[in-house]
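This report covers helix packing, sheets, an aromatic pair and some backbone details. The structure is shown first.

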Amino acid sequence: MHKGYLCLVLHGHLPYVRHPEHENFLEEDWLYEAITETYVPLIMAFERLVNDNVDFRITMTLSPTLISMLSDQLLAERYLKHINKLIELARKEKERTRWQPEFHNLSSMYLNEFSIARDTFLRYDRNLVNAFKKFQDLGKLEIITCGATHGYFPLMDICKESVRAQVKVAVAHYESVFGRKPRGIWLPECGYHPGHDEILKEAGLRYFFTDSHGVLHGKPRPKYGVFAPVYCKGTGVACVARDLESSKQVWSSIEGYPGDYNYREFYRDIGFDLEYDYIKPYIHPDGVRINTGIKYYRITGAGNHKEPYMPQIARNTAADHAGNFMFNRQKQVSYLYELLEKKPLIVSPYDAELFGHWWYEGPTWLEFLIRKIAFDQDEIKLTTVPEYLEENPRNQVVTPSMSSWGYKGYSEMWLQGSNDWIYRHLHAASERMTELVKKYPSVNGVVKRALNQALRELLLAQSSDWGFILGTGTHTEYAIRRTKDHLLRFNRLYEDIKGNLVDQNWLSDIEYKDNIFPGIDYKVHQ
Amino acid sequence: MVQLKRKKIEVKTKKVVKKVIKKKAFPGSKKLKVLNSLSSRLSPKKDVLREQEVAIGTAKFSHAKVMFAQDISKQELPSTYGWNKMALVVRDPWWLYTYWEVKESTWDKFKSELKDEFYKARRVLRVYDVSNIIFNGSNAHKFFDLEIREDAFNWYIDIGTPGKSWCVDFGLLLRDGRFITILRSNVVETPTDGPSWITDEEWMIPDEMFARLYGMGFGLGKSSPAGGVWRKGIISSPGIASMASPVKKQAPRSFWLEVNCELIVYGATEPDAKVTVQNKAIALRRDGTFTLRFALPDGKQVIPVKAVSKDNLEERVITPIVNRETK
């Protein structure tokens, strides 16, 4: 009989990047890369598991911005163009490397992967959300929602109306896509501020995740630490905390898996390595070298010297790592079972884009792990939070502590010298949005359109991704531009609405550019 | 039972003018890097796990490198919104951040009321500890003042003691010691830096057991934001030594050189001919020309190129032989 539960969570999110006004837009590649390297490999792994009758449970966030991009027709067209170019490049590579068998085999591997990516994309009607929905309907995948545009809630506490809008727009969007309400939410950046559970409850959400210290530092002290959910005081919304030990096993520099010398090296890409004229058609049209996704080397060691990648050896390593991860969870679960006299719940959340994009072998590792858990042991049971709560309804009542999973565990990543200037403007826009909702409780026609667009612009400006990129301090131009563009559009809408001077042509133009959440209702911002 | 002790540093004095700890950087300021490094030096914890996560998070946005001139917004965001406002937010258990804006007409009002005194007064942030009370302006447990630059409009405040509620006034400290409030912030509560001291009766749990749980919750216990004292005192996980090393980094590139060779084989024949190169069929362009490009490793390559006419009656073979030797 099992002695504990493991809840694997993949947080899938990308900021909304869609520029119909430009034929080629570099940042749209974030989505294309994630489709080819992360989402399709995950879907393929899920398909194999289902075909082999392997039972499994995975919890996955699909952020509303990610869903919107995956469902967008323009981006789908562009992805096909992108993947076709990659297939063409992989074919050329097969020719070029004819006298280098180790690279020749790798180019065949990429050609195969890119072809599978295209086929899978087409098979699900150019919308991979259909695939994830299928696994949810099969009971294998628990899809949770996120902030509408991944706004960072703790720094929005001063304007709770915006937190509410982030949550309610997300829930409504989820419902329109999946035909039912979401049960859980991944708070963007795992950012929790006491009191926000009230907003989650209003929206019908039953659980959310925090980082370890969110629960460990909660009041009163949690009896079972991070190994059981707690109910938020006053609302009863369940709060589930991440287990740092299992996180470290994957992330950490020393014992972390992705740094293994047999794994593929992320930073060596033919977009940078090959002769300029040859690679030019596959990098940015302006001639700037970028990653193509074809990478021929393994990590090899700490130095700059890299050896060719050996897929079979990497695959064996991924299997070993999956075994190691499971072994450690078994030990952890047995130990905790004795200590707590209760079946512990181990929560292991990861950025979905870690799997495949950064850690090329990640999806393989995950598939091995799921198979091993299903067949090689009986101490751990994979679960989702609703399933766990069904079996273990009685839990302690605690007020979780403010926390995030960002650098140093609080808000510093999004609030430091390089990005703190945005909050004055973001908060002002929130305040103005609230004012507009009060002033125009029920309007129609162009004013209503303008109000809805104002909320879209505000939400888009709030994405934590801009603050994050500004916080890292490199290549910040795009993040600055997005923050400013959306706020400037918002400010103009605010002035125009109040002056009853909405310029319809301009409004149509920004509706076309920032077309996210077609069914948005501005009145949620209150 | 494990003793639970925690360092308590409290500001007892009623009025302490703290020296500037961290001056706010204006957007785009060159001081930024210095400030950031200062802030990381001041910050009490190193966070290896989350540093790694930042590196991986950055990889997600790997292409944010190029900016096109036409895309840069020509407009700027407003520098003021024409209102009186002071906002206070929590950065972490030890730091708050505040920004504010004062309307011109409000400044004018104080100027005309205070006359000369206005210009001699110091600009001050008064930081009130308002834990567990409804603050009415005069019932704070304690407060301290931070003198700030005249042109500042935001500030990071080092509050030192986690787990309390705070409110901040922006105002003028007159020469006679009077403090004039111009703006008052919202109230915020900072999180604690360790586990709660509240354990309710029904769920009482032996400290020793909780301590073990606590250690496990943080894995190897070295890079979490959990309270330092608590950690040092209690947790000794067998794996702790292995966490000592920082994130694995690429060795810094200094000077370097890389050389590779490729070989281009090209030619032409009748457009409808069948051509093989090293016995592998290739496609011709419409005009009968072809170009092949190979990565050229060291050693000898024999490259027979054979063309056969459409009717299979004629055949030509040309065989370049290429030697590459690298010294």
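## Helices α16 and α18 of chain A

In this predicted model, helix α16 (residues 445-461) of chain A and helix α18 (residues 477-498) of chain A have axes that come within 8 Å and cross at roughly 155°. Angles over 145 degrees count as roughly antiparallel, and α16(A) and α18(A) are therefore roughly antiparallel to each other. The crossing in which α16(A) passes α18(A) is left-handed.

On the side of α16(A), the contact is made by Val447(A), Ala450(A), Leu451(A), Gln453(A), Ala454(A), Glu457(A), Leu458(A), Leu460(A) and Ala461(A). On the side of α18(A), the residues are Arg482(A), Thr483(A), His486(A), Leu487(A), Arg489(A), Phe490(A), Leu493(A) and Ile497(A). By class, the contact of α16(A) with α18(A) holds 11 nonpolar, 3 polar and 3 charged residues.

## An aromatic pair that involves α18 of chain A

Over all chains, a search of the whole structure finds 44 aromatic pairs. One of them joins Trp30(A) and Tyr478(A): the ring centres are 6.0 Å apart and the planes stand at 85°, so the pair is edge-to-face. Trp30(A) lies in helix α1 (residues 29-51) of chain A and Tyr478(A) in helix α18 of chain A. The two residues are 448 residues apart, and the pair links distant parts of the chain.

## Helices α9 and α12 of chain A

The α9(A) side of the contact consists of Glu245(A), Ser246(A), Gln249(A) and Val250(A). From α12(A) come Asn324(A), Phe325(A), Asn328(A), Arg329(A) and Gln332(A). The contact of α9(A) with α12(A) divides into 2 nonpolar, 5 polar and 2 charged residues.

## The three-stranded sheet of chain B

Chain B has an open sheet of 3 strands in the order β2-β3-β6, paired antiparallel. Its edge strands are β2 (85-92) and β6 (154-158) of chain B, each of which pairs on one side only. From one strand to the next, the twist averages 20°.

Between β2(B) and strand β3 (residues 95-101) of chain B, the antiparallel pairing runs over 7 bridges. Asp92(B) is placed opposite Trp95(B) of β3(B). A helix from chain A packs on this sheet: α15 (residues 421-439) touches β2, β3 and β6 of chain B. The direction of α15 of chain A makes about 65° with that of β3(B).

## The four-stranded sheet of chain B

Another open sheet in chain B contains 4 strands in the order β12-β11-β15-β16, with antiparallel pairing. At the edges stand β12 (280-282) and β16 of chain B; each has a single partner strand, so one side of each is left without a neighbour in the sheet. Neighbouring strands are turned by 25° against each other on average, direction ignored.

Strand β11 (residues 274-277) of chain B pairs with strand β15 (residues 305-308) of chain B over 4 bridges in the antiparallel sense. Lys274(B) has Val308(B) as its bridge partner in β15(B), and Val277(B) has Val305(B). On to strand β16 (residues 315-318) of chain B, β15(B) is joined by 4 bridges, again antiparallel. In that pairing Ala307(B) stands opposite Arg316(B). The hairpin of β15(B) and β16(B) has 6 residues between the strands, and Asn312(B) in this hairpin takes a positive phi near 65°.

## Backbone details in chain A loops

Which peptide bond is cis, with omega near -10°? The bond in question runs from Lys219(A) to Pro220(A). Pro220(A) is in the loop between α8 (212-216) and β6 (230-232) of chain A.

Arg126(A) has a phi near 60°, a positive value in a residue other than glycine. Its place is in the loop between α4 (101-123) and α5 (129-137) of chain A.

Notes
Residues are numbered from 1 along each chain as its sequence is written. Chains are lettered from A and ligands numbered from 1 in the order in which they are written. This is a predicted model: local features need pLDDT of at least 70, side-chain atom pairs count only at pLDDT 80 or more; totals for chains, interfaces and linings use all residues. Side-chain values use heavy atoms; hydrogens and water are left out. Axes are lines fitted to C-alpha atoms, for helices over the stretch in contact, and angles run from 0 to 180 degrees between N-to-C directions. Angles under 35 degrees count as roughly parallel, over 145 as roughly antiparallel, 65 to 115 as roughly perpendicular and the rest as oblique. A crossing is left-handed if the near helix is turned anticlockwise from the far one by less than a right angle, and right-handed if clockwise. Contact means heavy atoms within 4.5 Å. Ala, Val, Leu, Ile, Met, Phe, Trp, Tyr, Cys and Pro count as nonpolar, Asp, Glu, Lys and Arg as charged, and the others, Gly among them, as polar. Two strands pair if DSSP finds at least two bridges between them. Rings of Phe, Tyr and Trp (its six-membered ring) pair if their centres lie within 6.5 Å; planes under 30 degrees apart count as stacked, over 60 as edge-to-face and the rest as tilted.
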